[in-house]
Structures are given as structure tokens and as C-alpha cells.
Amino acid sequence: MDPWNNLENGDSSKVTQNLSASLVRKKSDLALASRGRLSMVREFVVNVQQVVLGTKLCLLFPAVPLAVIAQAHDYGRPWIFALSLLGLTPLAERVSFLTEQIAYFTGPTVGGLLNATCGNATELIIALLALHKRKIHVVKYSLFGSILSNLLLVLGSSLFFGGLANIKKEQIFDKKQSDVNILLLLLGLLSLLLPLMFKFVVEPGTLTTSSILQLSRSCSVMMLVAYFAYLFFQLKTHKQLFEADEVLVEEDSDEVDTEEKAVIGFWSAFIWLVGMTIVIALLSEYVVGTIEAASDSWGISVSFISVILLPIVGNAAEHAGSIIFALKNKLDISLGVALGSASQISMFAVPLCVIVAWTMGVDMDLDFNLLETGSLGFSILVTAFTLQDGTSHYMKGIVLFLSYTAIAACFFVHNITLVKFQGA
């Protein structure tokens with residue numbers, strides 16, 4: 001099954017993810033599989049080779065058992081936190097690979113929905129586990145940081161390095177896809193601004209927690225409706241807006257030749273996906289449980305760890321893919337990775353956490369406080385102005401990257417002692 005044919009079926013999100021994931025994979029030598037005498041043994045060897053050894057990030061896999069050993073023997077909570085972060089990096093990339101393999105069998109529509117759900121699985125699992133432990137400040141910080149990272153760090157780095165690598169070429173991209181994502185991000189920003197502004201316009205003494213919660217839950221439902229409408233818009237009615245340039249696709253056809261068909265079976269991919277999701281959940285629980293200890297030991301605030309470190313680790317492979325495609329002057333793909341991921345977190349993960357918290361009896365609202373909401377608002381505006389003319393150069397990347405650096409510096413000096421957000 002040719003992955004580029006999915007462009008004609010409107011499954012651009014799957015293609016984008018396929019391209020990003022392929023950059024961190026190693027070429028497979030299936031000769032190893034022939035050494036097995038039994039078919040089950042050969043299949044297992046192929047699966048291990050493709051899933052575990054098929055990525056350039058496999059060198060980080062030893063951090064997974066080391067984190068488990070450190071937790072079992074209580075070697076030190078900061079060590080557990082650091083090893084868990086390292087272990088999550090290859091696992092997050094492998095989840096993207098496995099969802100791609102399953103999508104070959106389920107078709108473009110189901111595959112697109114699966115990729116949309118699992119594309120930010122690491123951040124979502126960390127947020128839900130932090131929610132279960134009533135650490136609402138960690139939930140809000142990590143989700144906010146993921147949006148910020150995609151908008152400024154990933155996109156900024158891509159435009160900067162892409163601009164330098166193609167300094168003598170005209171860099172253009174299709175604005176239609178980015179415009180839709182910016183609209184979604186602005187709607188998400190409005191949903192965060194309303195509870196914040198509500199606190200300042202209501203007379204003192206009349207504001208209640210329940211009123212902000214009701215407003216937040218109502219906005220969350222509307223955000224989820226908008227997100228699923230966006231999926232229908234992307235996969236069905238206006239799929240042509242999300243198709244990559246076919247000329248660019250033909251140029252890269254040789255590079256993705258090994259990805260023209262599924263390399264492991266459906267049930268094998270499903271079992272591996274379930275297993276790795278369980279491991280991600282385990283390491284995420286370690287991260288959530290040790291984040292305060294790591295903060296105290298390293299002298300770094302919980303806000304900086306959650307806003308800066310966690311999103312970088314969770315999207316490391318995706319970030320690398322975006323930059324590499326920008327180096328090849330494939331800006332449409334880079335924007336699809338960065339803006340698509342930011343939209344998923346803003347319009348799906350954030351409201352989902354509010355709704356899940358509601359069912360759990362936890363009072364989580366959409367009030368992310370003034371500093372976080374203001375930073376996000378200006379980040380979206382800077383990104384929108386950067387992409388408004390459909391062209392790019394390295395100076396735009398510098399502005400986005402320095403904006404991220406300034407916000408990171410702000411949270412680095414924002415030392416909090418578990419002063420939680422409103423509603424925590």
C-alpha cells in the first residue's frame with residue numbers, strides 16, 4: 001500500500017506522521033529473521049528488529065529498565081525522574097510508528113483518527129496521571145508547554161534552519177492549512193481567556209469556584225465539538241486543503257520506499273502498541289510522582305520542568321522530523337507537524353482533561369492564570385503574523401525561537417513552591 005496514495009484519500013495527517021517517523025528509523029536488514037527455524041520465532045525476530053531496533057533512538061531504550069530498577073530499589077527520586085524522561089523519548093516515537101502500521105490495515109479515515117488520538121499520547125498520559133494524583137498545576141503546565149513548544153520551538157527551529165539551508169531559494173508554503181490551524185488555536189485561546197477575564201469583571205465577593213467550573217466545562221464541550229468538526233473537515237469535506245504538494249512528494253519517493261507497505265502485521269502492531277502504551281503509562285507515573293523531588297534536588301521550578309522539559313522529551317522525534325523537512329524546503333510538511341500537534345493539544349487534550357476531571361470529581365477549570373494565558377496568546381499572534389504571507393526565511397525562525405527562549409527564561413526564574421493554579 002503506497003503511503004503517498006493516502007494523499008489522494010485525504011489522509012494527510014497520516015502522511016505527515018509517516019514522514020516524520022521515517023527520519024528516525026534505521027534501514028532494516030531482514031536477513032536476521034531468516035535464521036529463525038519456526039515461523040513464530042521469525043515473526044518475533046522481525047517484530048523486535050522493526051519495533052525496538054528500527055529506530056535511531058534505540059540507544060535510549062536501556063533507560064526504561066533502569067528507571068524501573070531505580071524505582072524498585074529507591075535509588076533516588078531525581079534519578080527516577082531523569083531516567084523516565086530518557087525512556088519516554090524512544091517510546092513516544094515508536095507509538096507513532098505503530099499507529100502508522102495499524103493505519104495501513106484500517107484505512108485512511110480510521111487511521112487519521114488513530115493518529116490524531118495517539119500523536120500526543122505521551123503528553124496526554126502524563127496529564128491524565130497528574131490529574132489522577134490531583135496535581136492540576138502539573139496538568140496545566142505540561143499541556144500549556146506542549147502548545148508553546150510546537151508553536152515557537154519546533155516551528156521556529158524549522159524556519160531558522162530551513163532558511164539557512166535554502167538561503168538562495170524562495171521558501172513558500174500553502175497558507176490554507178496553517179490558516180485553519182491558527183483559527184482553531186485562537187478559539188482555544190478564547191476558551192482560556194473567558195474564565196480568566198471572568199475573575200476580573202465579577203464583583204468581589206460574588207465570584208464562586210462553581211461558576212468558573214461551569215464556564216470551563218461548557219467551553220470544553222464546545223472545544224471538543226470544534227475539534228471533531230475539524231477532523232471531519234480535514235478527512236472528508238475539505239481534504240484537498242491538507243494535501244501535500246505532489247511535486248515535492250515525487251522528489252521524496254525514493255526516501256520513503258521502504259515505507260510503502262506495513263512491515264509488521266496488524267495484531268503484532270496492536271499488541272506492541274498496547275505494551276508500549278502500558279510502559280509509557282508506567283514511566284509517566286514515575287515522572288508525575290517524582291517531579292517535585294527533582295525540582296527540589298535540581299533547584300529548578302516545577303513550572304520550568306513541566307512547561308519546558310516534558311514537552312521537549314515527549315515530541316523529540318516529531319521535532320527532529322519537522323526540522324529535517326524544513327532543511328529540504330518541505331515547509332508544508334513542517335507546518336503540518338508543528339501546527340497540527342499544537343491544535344490537537346489545545347482543542348482535544350486540554351478540554352478532554354477538564355471533562356475527565358469532571359467525571360472524577362476533580363475541580364479542574366480552564367483558568368491557566370495571567371502569565372500562562374498571556375504568553376500563549378502572544379505566541380499564537382506572533383506565529384500568525386509569521387505565517388501570514390505564505391513565505392519564510394531564517395529571520396522569522398529567529399523571532400519565534402527567541403520568543404520561546406524569553407518565555408522559558410521567565411518560567412526558569414518563576415520559582416513556585418507548589419503554588420497551584422486556580423482550582424488546583
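Analyst: Val-288 touches Ile-126, Leu-129, Ala-130, Lys-133 and Lys-135, not counting residues up to four places away in sequence, where a contact means heavy atoms within 4.5 Å. The place of Val-288 is in helix 12, helices being DSSP runs of H or I with at least four residues, and strands DSSP runs of E with at least two, numbered from the N terminus. The C-alpha atoms of Val-288 and Lys-135 are separated by 8.4 Å, although the two residues are 153 residues apart along the chain. This is a predicted model, in which local features need pLDDT of at least 70 and side-chain atom pairs count only at pLDDT 80 or more, while totals for chains, interfaces and linings use all residues. Residues are numbered from 1 along each chain as its sequence is written, and side-chain values use heavy atoms, with hydrogens and water left out.

User: What makes Val-288 count as buried?

Analyst: The term buried means under 20% relative accessible area, with exposed meaning over 50% and partly exposed in between (1.4 Å probe, protein chains only). Val-288 has a relative accessible area of 1%, and therefore it is buried.

User: Why is Thr-290 called buried, and which residues does Thr-290 touch?

Analyst: Thr-290, which lies in helix 12 (residues 266-298), has a relative accessible area of 2%, so it is buried. Leaving aside residues up to four places away in sequence, Thr-290 touches Arg-77, Ile-80 and Phe-81.

User: Where is the kink in helix 12 centred, and how is a bend defined?

Analyst: The bend at a residue is the angle between axes fitted to the seven residues ending there and the seven starting there. In helix 12 there is a kink of about 50°, and it is centred on Thr-290. Gly-299, whose phi is positive and near 70°, follows helix 12.

User: How do you know how the reach of helix 8 compares with the expected span?

Analyst: The expected span of a helix is 1.5 Å times one less than its number of residues. Helix 8 (residues 136-165) has 30 residues and reaches 42 Å from its first C-alpha to its last, close to the 44 Å expected. Helix 8 also bends by about 40° at Ser-149, and it is mostly covered, with 26 of its 30 residues buried.

User: What makes helix 9 roughly antiparallel to helix 10?

Analyst: Helix 9 (residues 175-201) and helix 10 (residues 209-237) pack at an angle of about 175°, with their axes 10 Å apart. Axes are lines fitted to C-alpha atoms, for helices over the stretch in contact, and angles run from 0 to 180 degrees between N-to-C directions. Angles under 35 degrees count as roughly parallel, over 145 as roughly antiparallel, 65 to 115 as roughly perpendicular and the rest as oblique, and the angle therefore makes helix 9 roughly antiparallel to helix 10. Among the residues making the contact are Val-180, Leu-184 and Leu-187 of helix 9 and Ile-212, Leu-215 and Met-223 of helix 10.

User: Why is Asn-329 called buried?

Analyst: Asn-329 is found in the loop between helix 14 (316-327) and helix 15 (331-360), and its relative accessibility is 18%, so Asn-329 counts as buried. Asn-329 also has a positive phi of about 65°, although it is not a glycine.

User: Why is Asn-369 called partly exposed, and what of Ala-409?

Analyst: Asn-369, which lies in helix 16 (residues 369-386), has a relative accessible area of 23%, and so it is partly exposed. Its phi is near 70°, a positive value in a residue other than glycine. Ala-409, found in helix 17 (residues 394-412), has 41% relative accessibility and therefore counts as partly exposed.
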